[in-house]
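Please read it with the coordinates open.

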Amino acid sequence: MAKDGLLIRINGLVQGVGFRPHVWHIAHGCDLTGEVLNDGEGVLIRAFGNTSQLEEFCQCLQRGCPPLARIDHMETSPLPVEEFDDFNIVQSDHSTIKTNIVPDAAMCPECRAEIIDPTNRRYRYPFTNCTHCGPRLSIIKGLPYDRAQTTMAAFKMCPECQKEYEDPADRRFHAQPNACATCGPKVWLEDKNKQKYPASDVLKEAARLLKEGHILAIKGIGGFHLACDACNQEAVSTLRQRKKRPAKPLALMAKDLEQITHFAIFNVREEKALTSSAAPIVLLPAKEKHTLAPSVAPDQKTLGFMLPYTPLHYLLMQELEAPLILTSANLSHEPQVIHNQEAQGKLAHIADFFVMHDRDIENRLDDCVVRDNGQTLHVMRRARGMAPAPIAVPDGFNRDLQVLAMGAELKNTFCLAKDGQLIVSQHMGDQENVLAHQDFRKNIDLYSALHEFTPDVIACDLHPDFLPTKWGQQLAADHDVPIEGVQHHHAHIAAVMGEYGLPKDHPPVLGIVLDGLGLSEDGDIWGGEFLRADYTIGTRLAHIPAIPLLGGEQAMRQPWRNLYAHLVDAIGWDQVNTSYADLPVIQKLTGKNLRLCEQMLEKKLNVPPASSAGRLFDAVAAALDICFDQISYEGEAAILLEQLAEQTSLSCGPYNQTYLTDWSPLWAGLLEDLHKNVDPCLIARKFHKTLASVISQQVNRLSAKHEFDTIALCGGVFQNRLLIKETRAYLEKEGYTLLLPQKFPANDGAISLGQALIACARS
Ligand code: ZN
Ligand code: ZN
Ligand code: FE
C-alpha cells in the first residue's frame, strides 16, 4: 500500500512528562515508521504509513496524553515520504530546547501498586517515582533538565534503574529522579541530638513514635513538616506551644478519602482536588462531631485535609489509625525549613524525632491550599504541585516581549512573560522575612536561567517600601530596562482577566477589589475599590468609605483600633457613649487609651485614611468580640466572622445601607442589634448581606453611567465563601458575567500575574 508522510507539531506541557514514549507507544501500535523529538517549540513528529494508519495515529494522540502532560495545540502537515526502518525517539539537542519546568506531582497509582507489592523490587521504597509522578521543581538546579542538574545527581543509577531509564517502552524512560533502594536516596530516623535512632523499618518506627504522642519533623518533597497524632490533644497543644502558634489552624493528612469522611464533608470537586496530582490542602467543612483534638483548628468550622502525596507519606500513613497534623516546619514568620542541618538546628526545640532523607530539596515548595466556594474550587496558595505550570498569554499581546513582574509584599509570587506564556512562580510569602526574600531573589535567577530569560521591562507595585519593588528597581538598573509601575488593585483585576483569557482589546470590565491595602497612584491607601479597567488603564469609579488607620501598622494587628475609628466616623464617640455605654464591647473599648486615640485623630497623627475592606471586617469582628485585642495571623478576623455567620441557618436581610458615603446605617443597625441581644451569628450574617447588597446597589448606579457587562471580583476578601455567594446572587440576577479567580489566588499571590499583563499591554 502507498505510504504517506505526516509532520505533526505539538505544543503545550509536553517535555519532561513522558510525552515522547507516549508517542512512541502509539506509533508502534499503529505500525508506523518515523521519529519523535523535543525541540525549541515542543514535540515534533515525523510519521510514515498508509492513510488509515496515520489517521488512527492522530486520533490516538488527540484522545489522551500522559498524566502530567497538556496539549495546547496540535498541527499537521503532509511530508514527503522518507525511509525509516522503525519508529524512534531521537535524542534532543539541548541547546535548542526550552524546557518548561513541570510541577512536582503526587505518587501515581502504578508507583503505589509497586510499593505495596512484596514481590516488586521497589516494595516499601519511599522514593519511588516515575515519569508520571515525583519531584520536579523541588529538585531542579539548572538547565538542561536532566539528572546532572538536579539534586539526584549525587545518586548514580544502578544497572536495573539505568535500563528502565533508557527503555522507551518503560514507564521510567528518562524519568530524571528515577531510583530504587539499591541506588537511590535513603530514609533514617534521628533524635533531637542528631543521633541516629535505630530502626529496622524507619517508617514503622516513626509511626510508633507518633502513636506514643511524640512530635516528629518529617522531610517531604518541598520542605519539612511537623507531625503529631491529630487525635491526641496533649500532643497537638504541645506542638502549638513549642511552635508558638496559638490559633492558626493546622493542616492534616489523612490516610485516604474514607478516613476523611469521619471528620469532614466533601463534594465531588473537593474529592477530585484531594486526589489530584497537586494533592493540595483542601479546606473542608468539619463534621458536627469528630474525634480530632480540639486545638487542631480552634473555633474553626473547617478542616484543612490533604492525602499522602509521596511514597514516604503513604507508607507512614498506612501504619497509623488516626490522621496526622502535618504543618509546615518553620519558625514563626520564616519560610519552611528545607535542609537537614537547618532542621537539626531550628527544629530541635520543637521536634522529638526527625525523619530525615538524603535527597536534597533545592527549591522550597509549600503545600497548595484550595477551597470550594459553592460553585467552583479556588486556589488560595499556589505552590507544590501547581507552580510553575504556565498559562497562555491572551490574544492580542506582544508575545516577543519579555516581562518580569515582581509581585506584592505579602503572599509574594513573581511572574515571567515569555514566548506567549505567563509563568507564575510558587508562593514565597511575606517578603519582610529575610529568608523569604532570599528565596525570591534566588528563584528569579533560577527561573531566568531555566527559561533563558532577560527582561525587556520590569513591572513593580507602586509601594516604594515593598522589597520586591526595590529589587525590581535594582534589576532594572542592572539590565538597563524600563520599570512599569502598576497600581495594586488594577493588577488584581488584570490577573483575573488574564486567567479567563480575555483578549488584549477586551472592553473594560468593572473590577471590584476588596482587600487589606494597596497604594494608589497618589499614594492613598486603598482596599475597597470599584475600578473600570482594561489591561492598560484602571479608573477608580467608586470606593468604600475611607476610615483612619488608627496608629498605621498597629491597626493591622489590633482590631479594636478599627472598631473605634469606625464608630467615631459613623456615629461619633459621644453619641456611642450616650446610647450604648452599657454594651460590654463598648465598655471593653473604653478600657483602652481612647484619650490618646482621640488626640491622634484630632491632630491627624499616624492616622492615614484607608478605604480598606479588610479593616472593616476587623472592626465588625471586634464589635462582636471575636479577636478584639489582637489578631495572630493575617485575615483571622475575616475568617472568624465568616464562620460565625455560617453558624446560623436563620434567614435575615441586610442592614439599611444604600450608599457608600459612610457606614452610619450599618453601624447604627449593628449597635442596635447588640443592644437588643441579637445572636452574634445573625449579626455577622447581616453584615455579609449588607456588604453584598451595598456592592450591588453601587454596581447598579455605576452601570447607569458606564458601560460594562463583565465584573471581576477579587482581592483577598473575596476568598470569603459567604460574601461570594451573596454577591453572586445579587449580581447574576442583574445579568452580569462574573469572573472569580480560580486557578490563581484572589489574594496578593496573583498580583505578579496582573502586573505582567499590564506591563505587556502598555509596552
Ligand atoms: Zn509514578
Ligand atoms: Zn536503582
Ligand atoms: Fe491586594
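1. Basis. This is a predicted model, in which local features need pLDDT of at least 70, side-chain atom pairs count only at pLDDT 80 or more, and totals for chains, interfaces and linings use all residues. Residues are numbered from 1 along each chain as its sequence is written, chains are lettered from A and ligands numbered from 1 in the order in which they are written, and side-chain values use heavy atoms, with hydrogens and water left out.

2. Donors here are N, O and S atoms within 2.8 Å of the metal (3.2 Å for Na, K and Ca); water is not among the atoms, so sites may look incomplete. The ideal angle for four tetrahedral donors is 109.5 degrees. C180 and C183 are both buried. Buried means under 20% relative accessible area, exposed over 50%, and partly exposed in between (1.4 Å probe, protein chains only).

3. Iron site. The iron ion (ligand 3) is coordinated by NE2 of H488 and H492 and by OD of D515 and D748, at 2.1 to 2.3 Å. Along the chain the donors follow H-x3-H-x22-D-x232-D. The angles among the 4 donor atoms range from 86 to 169°, and this site is irregular. H488 and H492 sit in helix α13 (residues 488-499), 4 residues apart, so about one helical turn separates them. An α-helix has 3.6 residues a turn, so residues three or four places apart point the same way. Both H488 and H492 are buried. Helices (H or I, at least four residues) and strands (E, at least two) are DSSP runs, numbered from the N terminus.

4. Helix α23. Buried residues in α23 include R721, E726 and R728. At the helix start, a side-chain oxygen of N720 comes within 3.1 Å of the backbone nitrogen of L722. Just after α23, G735 has a positive phi of about 90°.

5. Backbone checks. Most residues other than glycine have a negative phi, and most peptide bonds are trans. The A387 to P388 peptide bond is cis, with omega near 0°. P388 lies in the loop between β15 (377-381) and β16 (391-392). N606 has a positive phi near 55° and belongs to the loop between α18 (594-603) and β26 (609-612). D625 has a positive phi near 60°, in the loop between α19 (613-623) and α20 (636-646). N606 is partly exposed at 48% relative accessibility, and D625 is partly exposed at 41%.

6. Sheet. Six strands form an open sheet in the order β16-β19-β18-β17-β20-β21, with mixed pairing. The edge strands, β16 and β21 (483-486), each pair on one side only. Strands pair if DSSP finds at least two bridges between them. β18 (residues 415-418) and β19 (residues 421-424) are antiparallel over 4 bridges. K418 faces Q421 in β19.

Note on methods: Tetrahedral: all angles 85-135°; square planar, octahedral: opposite > 155°, others 65-115°. Polar contact = N/O pair within 3.5 Å; in protein donor to acceptor, adjacent residues only side chain to side chain.
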